[in-house]
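Q: I would like to learn how to read this structure one feature at a time. Where shall we begin?

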Amino acid sequence: MVKRVYICEQEDYMCEECGLVYHSLETALRCENYCRKHNACSLTITKNAAHAPQAPAI
Ligand SMILES: [Zn+2]
């Protein structure tokens with residue numbers, strides 16, 4: 001499940017599969033679904049990431 005995190009004093013959402021953080025919950029969910037299904041990230045989704053992964057797992 002997407003994790004709620006606070007970076008730069010703003011609510012963010014983290015994909016638990018790859019650790020990328022998004023400002024939009026919808027995008028984070030899309031990333032997580034994609035990561036889980038394909039065991040890889042989608043560039044079209046990850047380019048919308050707001051923050052780099054905290055624990056690199058890609
Ligand atoms: Zn992901």
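Q: What percentage of contacts between residues at least 6 apart in sequence join residues at least 24 apart in the protein chain?
A: Please keep in mind that this is a predicted model. Of the contacts in the protein chain between residues at least 6 apart in sequence, 33% join residues at least 24 apart. As for burial, 28% of the 58 residues in the protein chain are buried.

Q: In which order do the elements of the protein chain run from the N terminus?
A: They follow the pattern β-β-β-α-α, with three strands and two helices in the protein chain.

Q: How are the three strands arranged in the sheet?
A: Here is the general idea: strands of a sheet pair through backbone hydrogen bonds, in either a parallel or an antiparallel way. In this case the pairing is antiparallel, and the three strands make an open sheet in the order 1-2-3. Strand 1 (3-7) and strand 3 (21-22) stand at the edges with a single partner strand each, so each has one side left without a neighbour in the sheet.

Q: How many bridges join strand 1 to strand 2?
A: Five bridges join strand 1 to strand 2 (residues 10-14); Lys3, for instance, stands opposite Met14 in strand 2. The two strands form a hairpin with two residues between them, and Cys8 in the turn has a positive phi of about 45°.

Q: And what joins strand 2 to strand 3?
A: Two bridges do, and these strands run antiparallel.

Technical notes:
Residues numbered from 1 in each chain as written. Predicted model: local features only at pLDDT ≥ 70, side-chain atom pairs only at ≥ 80, totals over all residues. Pairing = 2+ DSSP bridges. Helix = DSSP H or I, 4+ residues; strand = E, 2+ residues; numbered from the N terminus. Buried ≥ 20, exposed ≤ 12 C-beta atoms within 10 Å, placed from the backbone. Contact = placed C-beta atoms within 7 Å.
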